[in-house]
Amino acid sequence: MNNKLQYEWAAVLDKTITMCQDDEQFHQYSVREKMLALVYTFLQNMQEQETHFLEMLHQHNGIKRLDTSYLKDLKSGFESYVTGLVEEGRNSGEIQGRPFLARFYMPVLWNAFVNILYFWANDKSPQREHTDVMVEKTVHFTFDLLAPNAIDSGIDLVQQYLKLKQ
Amino acid sequence: MSEQQDKIPTSKVERASRVFRTSMKVGANYIKHTAQKVVNKDLDDSDLDEKNAEALFQMMSQLKGSALKIAQMMSMDNGLLPKAYAEKFAKAQNSAMALSAPLVMNTFQKYIGKRPQEVFDHFSVNAVHAASIGQVHRADKDGLQLAVKLQYPGVADSIHSDINLVKPMFLRFLNLKEKDIAPYLEEFEERLHEECDYEKELQYGMEMAQFADSIPHVIIPRYYPALSSKKILTMEWMEGIPLQEFIDTETDPSRRNKVGQALLDFLHNSIHRLQRFHADPHPGNFLVTKDAELVVLDFGCVKTIPKDFYIHYFALAKDDIFNDETKLRTCLEHLDMLRKGDTPEQDKLFFDTAVRAIQNISKPMKSDTFYFGDKDFYEQLQAQGEEIMQNKEFRKPSAMRGSRHAIYLHRAFFGLYSILYKLDATLKIDRHFFDDIQV
Ligand SMILES: Nc1ncnc2c1ncn2[C@@H]1O[C@H](COP(=O)(O)OP(=O)(O)OP(=O)(O)O)[C@@H](O)[C@H]1O
């Protein structure tokens, strides 16, 4: 894989992270909102070299999607930043720490992100507004999976029950 | 108003609303009237229809945006849907999804090219009101208080597919053929598209604001084109209480009359002078100021009627035309209420029905003042509506008639009269509008 291409993806991400960090508003967001902001800003920054990125994504459309080696640098950048977000979410209680499932968190978030990129590349709606809807739905969905939910309360209840019974 | 007073007449007004649908025999009215038949308990297949209604509701409640709009439109026209469903839809209004704060930022970036913090001195990231197709934020700039309306993404271009999604259920529920209601669905679709186009709303709003300058006690917010786009609408923030609250709490009849008069004058003037009017006058679209002046919000649903339709429609309210059978027939044919190919029996039925409906409906236009709290007025409308519903002739496809332009005109009048009824208002009627109408 061409190193230059690798670099471009990572550069967009770097720029995105810097923009987010510099934004006062960003620091008041919940982790979920930070993720949304990250994705929107990323897409907005891709727009600057739209044709170029479109071409790359189109080349890898279809079955070739499985080969994400051309996104390798982006992936590691994404993972290291988002790991921080997940950590923050755990501390704030927005994300549930589940010992056995936690290692799937990152693949879920990364795959969701890549899906959005391909959706963006194929979006023919005016101003790509369908992508906006996708971003909202995807991020809400993935974060609902990571958030403490009914299963956790169920486990919690059973644990409490067993504990109190003793 | 005492509770009892409030209870009985409200349902009367609701039922009277059927007349606006049935008596004029406008096609869309027929749809609704058939719906009444459908939900009527003593019908054989009522069980099946109940199920259809339930299914229709279940499906629609899953939908957002334009489909929700359609559902609300139907439920607002009280009587089209069974009351229980209508109430559910009314509540659905508040449960539309809210845009996340980052999407609000993103939308500004996309359509204005700047972030809200750069555009305004202050901007509330969280919406202060949610509506069916958008949400309202507060902002200020250079000391001006502003309301900023943001549209949900994807709403506009889902209209067509939403209608197609809803249509089969709708047809089955109402027991109708697609070709019978095609023109009316087209009309709905056209209005819904306009409603999602904030550039249009901006244009109408600015036009109406200028127009309303000449109408006493009517206030329309200032609009800011430079801070608006297809998906963002920025206007002056208006202070006032919701019209419904005013209706529920105001004790001074002269203040109630003042607000009612402003509303009546506003609609009459825009219909008669512009042939373009606010086609969605429900209490949610108005505020009342401390001085009992009427604030008109939301020009999303504005209907323009062709001059030719306008003349033949309102000519019916003039005695000299109404009493001249040749002229009367000309008008009714223009409005597609009578047709050339009608059998003598059909002709007699539709003609007689139309004549009585016109007599009933145009009653407020016949004197210099009219008391809109008058129960008798609505009762007569209601009685005729019931009578029409009992008549099988009106359930045939050949009874599907009437210009598509009448739909929103009736909707506007129905909305207007319901509000005036609730205000219990006695109002001056400006009849000089009819002077120039000749056929
Ligand atoms: N300029 C304004 N000043 C103060 N409040 C406003 C203003 N504009 C809108 N609002 C408030 O926001 C609510 C929703 O606004 P509006 O009716 O314009 O939205 P909409 O999306 O067209 O809603 P719908 O079509 O469902 O009626 C109004 O009922 C009103 O309470």
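Q: In this model, are B:Asp298 and B:Lys149 buried or exposed?

A: The model is a predicted one, and in it B:Asp298 is buried, as is B:Lys149. Side chains of opposite charge can pair when their charged atoms come close. Here B:Asp298 and B:Lys149 form a salt bridge, with their closest N and O atoms 3.7 Å apart. B:Asp298 sits in the loop between strand 10 (294-296) and strand 11 (302-304) of chain B, while B:Lys149 belongs to strand 4 (residues 144-151) of chain B, so the pair ties together parts that are 149 residues apart in sequence.

Q: Which residues are linked with B:Lys149 in a network of salt bridges?

A: B:Lys149, B:Glu201 and B:Asp298 are linked in such a network. Over all chains, the count comes to 21 salt bridges.

Q: Where do B:Arg329 and B:Asp347 lie, and how many residues apart are they?

A: These two residues form a salt bridge in which the closest N and O atoms of B:Arg329 and B:Asp347 are 2.9 Å apart. The pair links distant parts of the chain, with B:Arg329 in helix 15 (residues 325-334) of chain B and B:Asp347 in helix 16 (residues 344-361) of chain B, 18 residues apart. When reading their accessibility, keep in mind that buried means under 20% relative accessible area; B:Arg329, at 23%, therefore counts as partly exposed, whereas B:Asp347, at 19%, counts as buried.

Q: How should I read the interface, and what is the area buried between chain B and chain A?

A: The size of an interface is often given as the accessible area lost when the parts come together. Between chain B and chain A the buried area is about 1,500 Å², and carbon and sulfur atoms give 48% of that area. B:Pro102, B:Lys110 and B:Asp157 supply 31% of the area that chain B buries against chain A, which is more than any other three residues. In terms of contacts, 18 residues of chain B touch 17 residues of chain A.

Q: How many salt bridges are there between chain B and chain A?

A: The count between these two chains is three. One of them pairs B:Lys110 with A:Asp132, whose closest N and O atoms are 2.8 Å apart. Helix 6 (residues 101-111) of chain B gives the largest share of the side of chain B that touches chain A, namely eight residues. By class, that side of chain B has nine nonpolar, five polar and four charged residues. Six residue pairs are in polar contact across the interface of chain B and chain A, with both residues at pLDDT 80 or more.

Q: Why does the salt bridge of B:Lys231 and A:Glu129 join two chains?

A: The side chains of B:Lys231 and A:Glu129 meet at 3.6 Å, N to O. B:Lys231 lies in the loop between strand 5 (218-219) and strand 6 (232-236) of chain B, and A:Glu129 lies in helix 6 (residues 129-146) of chain A, so the pair joins two chains. B:Lys231 is buried, at a relative accessible area of 6%, and A:Glu129 is buried as well, at 2%.

Q: What span should helix 2 of chain A have, and how many of its residues are buried?

A: At 1.5 Å a residue, the 16 residues of helix 2 (residues 31-46) of chain A should span 22 Å, and the end C-alpha atoms are 22 Å apart, which agrees. This helix of chain A is mostly covered, with 14 of its 16 residues buried.

Note on methods: Residues numbered from 1 in each chain as written. Chains lettered and ligands numbered in written order. Predicted model: local features only at pLDDT ≥ 70, side-chain atom pairs only at ≥ 80, totals over all residues. Heavy atoms only, no water. Helix = DSSP H or I, 4+ residues; strand = E, 2+ residues; numbered from the N terminus. Expected span 1.5 Å × (residues − 1). Buried < 20%, exposed > 50% of the residue type's maximum accessible area, 1.4 Å probe, protein only. Contact = heavy atoms within 4.5 Å. Buried area = accessible area lost by both parts, 1.4 Å probe. Salt bridge = Lys/Arg side-chain N within 4 Å of Asp/Glu carboxyl O. Polar contact = N/O pair within 3.5 Å; in protein donor to acceptor, adjacent residues only side chain to side chain. Nonpolar A, V, L, I, M, F, W, Y, C, P; charged D, E, K, R; others polar.
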